[in-house]
Every structure is written in structure tokens, then in C-alpha cells.
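This note goes through one structure in numbered points.

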Amino acid sequence: MKELTYHRADDAASAVALVAADPDARFLGGGTNLVDHLKLGVTSPTTLVDVSRLPLDEVSELPDGGLRIGTNVRNSDLAAHRAVRRGWPVVARALLAGASGQIRNQATTGGNLLQRTRCVYFQDVTTPCNKREPGTGCSAIGGYGRYNAVLGASEACVTTHPSDLAVALAAVDATVVVLGPDGERRVPMSDFHRLPGDRPEQDTTLAHGELVTAVELPASAAARRSTYRKARDRASYAFALVSVAAGLELDDDGRVSDVRIAWGGVAHKPWRAEVAEAELRGRFVSEEAVRAAAEAELAAAVTDEQTAYKVPMVRNLTALTLTGLAEGATR
Amino acid sequence: MDAEISLTVDGVQRTVTVDTRTTLLDALRERLGVTNPKKGCDHGQCGSCTVLLDGRRHLTCLSLAVANDGAEVTTAGGLRGSGGGLHPVQQAFLDQDGYQCGYCTPGQVCSAVGVLDEIEQGHVSHVSDDLEADPELTDDEIRERMSGNLCRCGAYVGILGAVKQAAAAGSGSGSGGGAA
Amino acid sequence: MTANEVTPDPLRSTASIGTSLLRRDGVEKVTGDATYAVEHPVTGPAGEPPLHAWLVTSTVARGRVAAVDATAALAHPGVVSVLDHTSAPRLADTSDAELAILQADAIAFRGQIVAVVLAETSESAREGAALVHVEQEAEPHASIFEEDSPTYAPEQVNGGSETDTLDGEPDEALARALVTVDATYTTPHEHNNPMEPHAATALWDGEQLTLHDSTQGPRPVRGTLAPMLGLEEEQVRVLAPYVGGGFGSKGLPHAPEMAVALAAMTVPGQPVRLAVTRQQMFALTGYRPPTRSHVRLGAHPDGRLEALRDDAVTQSSRVKEFAEQAAVPARVMYAAPHRATTHRVAELDVPVPSWMRAPGEMPGMYAQEVAVDELALHAGLDPVELRVRNEPDVDPDTGNPWGNRRLVECLRRGAERFGWADRPTEARATVDGEWWVGTGVAASTYPMLWMPGNVARIRSLDGGRYAVAIAATDIGTGARTVLTQIAADALGCPPEAIDLDMADSDLPFGSVAGGSSGTTSWGTAIVAAAQQFRADHGEHPDPGVETTAASGQYADMDGHALHSFGAVFCEARVHRYTGEVRVPRLLGVYSVGRVVNPRTARSQLLGGLVMGLSAALHEEGWRDPRTGHVVTQDLATYHVAAHADVQQLEAGWLDDVDELSTPMGSRGIGEIGIVGTAAAVANATYHATGVRVRDLPLTADRFLE
């Protein structure tokens, strides 16, 4: 018989202590993903520690011009925030490209990063899935694969990370602030999510009981000139086929002095396209140059019949996004 | 495990015992008999269960009731004025035939009230060209913002017309008699 | 009761017909007060609250249930009982294998009901279902519809049409033809997905079964379930005052209705609620089977067809045959002296396909109207002009004169309104920023269908009011409103004077709300009853007198070919970088007889266009060959059109009165909006890009460069 115990946390430290002490305990934030999984049987915790009312819902400016976002800031409030819209348009646009107005009113900043894959097999407990039940096998290999990864997948797992926000945060070099039983630590976005390898059950580098308390955005010229573009199967309210978060800074000659490219929908984590970035630094932005840079990054891509489209799609979309930024497009 | 919570539903304070696994939607529909919000998918994929939760549009199928102890819930049923008259958004849905089978409709209505309020607050959307400007209520803005409410009857043209009619009548959440 | 021929001048007036009366149930719907199948506050005779039922389904595609172990489920708090094939009540008739659930251990598809959990709350029912352990023995299965799937010729196809037709020598004529098309078109699994999942509340009191059901036909449900349960029809009452959409999937009873009925019969006096989950709907509530249509057209250089062949193959289930009639519309659309149509069916280990909006016409006209677009290209003709040149003088199928075929006017009117003349002839000719832009056209058609046996009762009330009763249903079509208007004009009174009672199987017989036959069939009966009422009781009847009358056949279905027609025009944009397709403009112009209520009719036609657009761009159920399971089994992975997908959308109609079809002058309008729409979108994407996609849906990857 299963019982589910509910605790409303009084403060972050006690929430962390409760969850850290109990392997079957989970944090409950906005609930948009966890409640879904409770009903599907994807996860069966015995204890929920509700952190949604903790006072971690402020957006504050940091002395160096950056921004600190409390984990409980709702996606809609973050997207509407004037400082975000001005200084990190890629973050606002990524949020606005995700889910629906209602869900953005509910989903939290930290929760968005911790959402789990939408792989149809992960969500169906009657099928094998290494991420849900380690060692049972990956049904997505040889199954439905339209949303599968083309970069960094493993034999154990070929799925993608669903978050739009995480892709934007990867592009702007955000830092995730985490509270654990031993205190606070700061995790660069590049180290926050992980590739599946032989442990696909582990989406992130967080330990059980560690709580995201904030996300910090450093200010930069590339973040100010940034945007997010997403290709999807429906005009709205759909997960990405591929997405591109990009930021750009040009020098006085018009050459690239700083460029940030992160891809969504292609890997188990937001894929920072560092090879492509390196190719573009110091060069003029042109569609040809960006396509070539993207192709260099995509040389490592592994595709099948169902995912082959992702390579040209993300290459094209990257070219469009960066040429748009270079020309001063607002979106 | 059971828990007792209190909710203000359409202006009436209610106390209800729920299972810790009970969603806010099931607490309303099955424990309180408030069936105005509908269950279309139970997984946050359709919008039929939308209500105004503490004044904002919100799904109830992905919320645990126990986590919403003390919340103020306004369903489409509670948007009516004190005399029972329709909220301007509801009247607009009638006039524009912004529905057919009616199942997604209470969620559409609540969502529309939320959309008009969000526009008033200057929230931008995916289709806003300029993130730094206040958005205008164009057709494309309405379509994008209402996209979290699926309508399989395909009443989207009427729904668009209804949101425009209500906006022209100046009916954000402030007007009408609801608790929103 | 008398059976009535409707006599000439059947309507007293057309004062209400043709007006945009607001929906009679609108306030209940916009407030959410309307109560759907599991929302009725039903309790037992001593106030017993409802139990919640949850379905447990098979996870193998073929095999047998070796054992159902309910121990853990029954130990869960709140779980009351678990029914399986060993413990469920026995059915009196098991000949309908789709409905004869829990009677034997055989598993015929993945997702089949193998147990039902009853519990005090929905949470404990769900948890209990997860705790039921079903030991299954799997057998090899074939569940994927493939090009080389073995097929057979069914005795007839859905709707009772002939399986094959042949006129002249099409193969020889095709071989001689100078302009030809020879191509294969496919449509995928499509799932109705009404917003209200299939659901019912059942109460068995030992004598009487009362079912609050989400159905398109209370009488058909009663008539199907009662004999299977060993009951007289009068022992079953089915009510469906509000139905959250159906689109055919609620047209026939499906296994969940039987499950809740059986469950209720195990707990006399206690109501049982069953709401099928969205995921379970993909296996248990019908779907449009995938189709493959091989279309061959042979024409003269001037575009006139000499020969056509449409060979349609579709998927059915070993459980029960359903043969989607995809080649049927090819029989009536265009003139060609040499013609053949065939249907073949692949029988697989899959759930039972069923009706989905415009079965046959939707996939069939997709294939044919894309093929016609290809023919226009090959002939160097404008696609509107090509269709005009192939307009048949009489129905090519029956040889009967047309009742009211106005396709050419629809095409011409639509072309003018759409601005078709400005269209560049060549494909891939227009770029607007990031988008290729193109336009396309397709024709649509749907037969006039009339269901026999409808009966209406009219009773006079105080103050010049009338009570009108018929077991019709309003699944969102507007039936509650338009039947009121029809009754008002048939009796010669204002609509406010009509009290319409419907959606209850205890009322006089009403046929299913399907096949665009509802208003036609029920309305004809109401008009017949009104005439008989006046004949029986005069112009000033005493309150309380009543007449019940069945309508004879009004429609001249033997003397004339009665069909609706339309033309759909589409502007499509295909993203040059991602291949994403958007449809900024979609226009349908229809000839559907007299429009009873322009407000609700427009919504019906627009809704059909939206569903056609949705099928064009998004919809695809993906069945896993290893498990026989549609894995895209929710609304996040089986996409239907969201609001942002629907931009400028218009529906119009010709001024029309069809006196051959109904006494109201109307024909049905529920399906025709979906017909041809996907073809118009596909043709527009071809015109935009020069890429011809013959397989739905038109996803971004098809156009990516």
C-alpha cells in the first residue's frame, strides 16, 4: 500500500534536510511535471516536501549588472520582467516559446530546469525505459524517434531535454545556485545537465536532496543582443523539434567578438555549440559562415531515418538566428 | 493519506478532506461537486481545467489540492455577477459562438479573462515583435495567448472574436461580478 | 402513432429557419454549469455515492490472460472490487466482439480491457488499477499496416456501399491516355479526440440500468447494450444532455460503456462512474484507420478525364471489421467514361477502427483532390478550370440526375472571394521574407444521408406553447437550437414557444448524431409530427393533446443523386529554413441546401475546416511495431490544431433551398468542412515549394532543404 506524505517546508534548509534524509522524498515546486508523473506512475515518492511557498520568488539586480532569479519566480513573471526583456531577451523569448500561458503561471524557474524528458516511453510505465527504470532497456531505440537526440546520445538513452529556458540559460552562461545538506554551491549551466552515458536516470549533476534556490544571469553584450528561435510541430504549445538560443557581440569592424550558440531538441542536455562558436569568432556573420560553423558542430551528429531532419533544421535555424541578430532584428 | 484543506471557491469558503494525491481539479469536481472546470486530458495538455487561481489563469489538473490550501479559486461559474448575469467575456462567447460542444469552454473563458489581464499588465508573448514595448491586442497576440486551450470542435474563430469583443467592452478581470 | 409522409409546403413559415438564434444551451456552456457524463450528481436510492471505475488494459497485442492477481489492489484503501474475465457478469450475446469484454481470456489488441477496478475515490481507483497484476501470455502479432500486408475484399464498406465498382475499361483507357497521374497517397492513424473523454455514470437498481453517457446516440446505445446484457430495451435508459464532442467516436457504443454497465450490475443500487483516460482513448474508442489510395487518372490534353482508378487499402481489426470507404467519393466527383474503384482491407491485431468525421470522404478526397491537382499541372491547366471541365451531367455512379450539384458555383465564388486569379501559375514562385508562399484548391463533397425510423412527439401546452420530444442529441452541432427552430416553423409559432426535450432514450426514437444526418432525419420527423398534430388537433389545440408521428422517407434518394459540394481555397506558407508550414488563409464555400441557423452552421463548417487543417498539418498516431501500441497517446504527442495554427478562416455558402432532401430545404453540414481541406493545404504547400507531399501529415521535415 502506498501512502503519500505531504510537508510544507518552512525554510529551504529544513526542506533540504527532509528530502536529503529520505531517498523516497521529492521536492514539490510548481508541480507541472511532478504531478503529471505521480498520475502516470513514472515516479512514486512517499513524501513530498512543498517548497513552492518558500520566499525564493524575487528577481533582484546584482552589483555587476547581472540578475538573480529566485527559484520560485514563475515562468510568466520572469518572461514579463522588464530587466530580463531588456538585458536577456533570449531568456524571455525561450520562456514565452514554452508551454502555455497557464502553465507558465504555475511553473517555476528551478522546476523548469528540472523537468524530465517527454519521451513517450519514459512516460509510459508499461514499456522499458532506462531513465525510468535503470537496466530495463531503451524503447526509443527502434521505436518512435521523431524527438530523439542526434548529439551525445548513448546506447542506454537517446532522448532529449524538453526545457526551452535551459537552452537560453546555457547560452548566457547562467549559474545555478544550489542548497544541499552541506551548504550552498554554484553550478555553471554547462555542468548542470548531463549526457546520458550509462546513467540516463540522472538528468543533472544534482545529488538527491539538493535544492535549486536561484539562477544568476551575468550581464553581457551578447546577452543583450540575443534571441531564441524554436521549430515545432504546432505553431504554439508544443515541444521543440529543434531550437536555437543565440547571442552575439560584434566589434567595430562588424566581426564577431563574442557569440553564444545553444541548441535545444538535439541532446540529453542543452547543447552548447562550442565548435561552431569557435569557428565564428573573429569572422563576419553571413549565412554561409554560420552554416559552415554549424556543420562543423554537427559533424558528430548521429541520426536515423526519423531524426535525420534535425541536422539541416538546426543548421538552417542557427544561420537564420545569427544573421538576424547581426542585422539587428528584434526577434 | 488524507488532509483537510480550505478553499474559497467562487466566493464561498469551503473545507474539504482530500487525499494527498488529489489534484485541485479532482478536489473541485469529485469532492466539492464543482464541475465547472472540465477534465479533458488530466496532464496539462488541453487547458479545459483552467480556473483563476488567486486571480491568475491556472491549470487545476497539475496542482495538488493539498498544496493549494487557502487558495482562492474562481471557475467560469463564479465569473457571473452577483445577480447571476454573465461576465462580458461569457456574453462575448455567446454572441460570437465561440464554442460548440461546450466542454473546453469554461477553461477558454477563464483563460480569456486571464489573457486580458496579462495584456493590461504589459506581459509580452511569443509573437510580440518588440520585447521592450507594451504589447498590443492584435489577432496574432490573442491566438498565441489562447493556445493553451485546445478546442477540438475548432471554434477558434469565434473564440478570437469573443476575446476581441470582450476587450473592446473593456472587460479585463476587473469588470464583471466575479471574484477574479 | 402514425407513419407520415410529409406533404407539400411542409413548413408553416420560415420565420425562424434562417435566423441566427443564439444557442439554447449557451449560458450553461459558457459558465460550465452544463453537466457532462460523469458530472451528474447521481446517487443510489439510499444516497449511496458513486464508485469510481478504472480500466486495466492489456500490454500485449495478441495472446491471452493467464491470471489476474488483484491481491495488492484489493489491499489498497478505498478499492472495493476488481472485475476480470472470470468474475464479470456473463453477457447474453457475445457476437459483437468489440463489446463482449471480460467474457474470455483472449487478448486481441494492446490496450484491450482486461480488468475493471471499482473504488471509493478516483485516486484509489487509479492506484488500484496500477496494482492489479495481469499475467499475459503473448503470441506473435501483426499490427502494422504495411504495403505488403495481406488484404481481402470486404463484402461491403462502411455505409453499406459496394466494395468495388467498374465501368468501361479503365486500364486500357489509362494506357492510351496522353495526360496521366499514377500516384499513391496515404493518411495515418487519426484519432477523434473529442475534448470530453468517453465517460459514463451507470446505476443498476436490479431492474433498470440508467446510463448517463457521452454518446451521439442514446437510442443506439440502448438498442445495442440491452440485448447483450440480457435486458429488454425498456430496462435501459440512456441520457446524454451534454456531450463534449464526438466526431464519430461516440456514434457507436464502445467497450468502456459495456465496462461501466457490467461494473454497475455487480453493485446494485450504487452508481459507478467511469472516465476513460485520454491515453486509453487511443485504443478503446475508435479511430480513423490508416489508408493508402492508389489513384490513376487518364485525361485528354484538354484536361477532360477519360479514365480513373482509385484503389484504396485500409486497416481493420481482427476483433471486428471496419472498412473505411476511401474510394467511394471518387465514384461521384468527376465525369470519366472508364472508371474503377476498389477497397481492400488488411486485418491486423489492432483496436477496432470506427467512424471519424467524414469516414471515407476525408481520406479519399485527400487522395483524389491532390491527384487532380497533379493532373492540372500535367495538363497545364488551372486546377479550378480542370475541375470545371470534368463536371458530370449526371451522377457517374448511379446515372441519376443531380438533386442540387453546384460545385462549379462554389469553385467560382470561392475563387473570386479568395483572389485566385492573381495566383502565379508556376510553383515555387513567391517568397515573402522567411517563407515560401503558395495557394491551393480542392473540392469537397458529402452525401445527403437520412436515417429511417425517427419519431417525434408534439404536445400542446398552456399559453400557445408546445412540447416537442425526440431522442436526438446535441454534441455541439447546435441541434438543440436548430430543432427548436424547425419545430417553431413547422408549427407556426415563435421558437420561444417550443420546449424541446431530447437526449433521453425514453423519448421517441432518434437516430445517431452522425453522418451529417441528424438535422435531416430528426427535423423531417418533427415536421411530419407537426403536420399530423395540426391534422389531429387543428390550429387551436387544447392544452395537453398530443401527437406522435414517425416520418416516412421524404428525401428523393431513389430518383436523384443528393450530395453537398464545396470548394476549399488555401494559402500556405512554408518556412524556408525549417520547413514549418503555416496556413494564413483558408476559405470554404459550400452548397449545403438551406442553412437553418447561420451562426451554428458557420461554426460547424469552420470546425470541419479546422479539423481538416489539423489533419493536414499535425495529426498522426504512431503505432509501435514491437508492441502494437499507439505511443503518441496524449495531446502533447498527438497534436491537434491549437489556436495559433488557425489564422484567417472563412466559411460561406450559396443561397440554396434543397426541396428534394428535406422538408426544411436543408442538407447536413457536420462533415463536409473536413472533406478536401487537407488536399487544399497540400496543394498549396506544393505551389509554395514545388515539393509534392503525398503522405499526411505535412510536417516540417518533408519540406526541409
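1. Trp402(C) has a relative accessible area of 12% and is therefore buried (under 20% relative accessible area; over 50% would be exposed and anything in between partly exposed, with a 1.4 Å probe and protein chains only). Phe565(C), at 0% relative accessibility, is buried as well.

2. This is a predicted model, in which local features need pLDDT of at least 70, side-chain atom pairs count only at pLDDT 80 or more, and totals for chains, interfaces and linings use all residues. Residues are numbered from 1 along each chain as its sequence is written, chains are lettered from A and ligands numbered from 1 in the order in which they are written, and side-chain values use heavy atoms, leaving out hydrogens and water.

3. Over all chains there are nine aromatic pairs (rings of Phe, Tyr and Trp, the last by its six-membered ring, with centres within 6.5 Å; planes under 30 degrees apart are stacked, over 60 edge-to-face, the rest tilted). One of them joins Trp402(C) and Phe565(C) edge-to-face, at 5.7 Å centre to centre and 85 degrees between the planes. The two residues are 163 residues apart: Trp402(C) lies in the loop between α9 (383–389) and α10 (407–418) of chain C, and Phe565(C) in strand β23 (residues 563–575). Helices (H or I, at least four residues) and strands (E, at least two) are DSSP runs, numbered from the N terminus.

4. Which arrangement do the rings of Tyr466(C) and Phe533(C) have? Their planes stand at 90 degrees with the centres 5.7 Å apart, so the pair is edge-to-face. Tyr466(C) is in strand β20 (residues 466–469) and Phe533(C) in helix α12 (residues 518–537) of chain C, 67 residues apart. Both residues are buried.

5. An aromatic cluster involves two chains: it consists of Tyr103(B), Tyr36(C) and Tyr242(C).

6. Between chain B and chain A, 43 residues of chain B are in contact with 43 of chain A (heavy atoms within 4.5 Å). The two chains bury about 3,500 Å² between them, 47% of it on carbon and sulfur atoms (accessible area, 1.4 Å probe, lost on being put together and summed over both parts). Leu62(B), His126(B) and Leu131(B) supply 20% of the area that chain B buries against chain A, more than any other three residues.

7. Three salt bridges cross the interface of chain B and chain A (a side-chain nitrogen of Lys or Arg within 4 Å of a carboxyl oxygen of Asp or Glu). In one salt bridge, Asp42(B) meets Lys39(A) at 2.9 Å, N to O.
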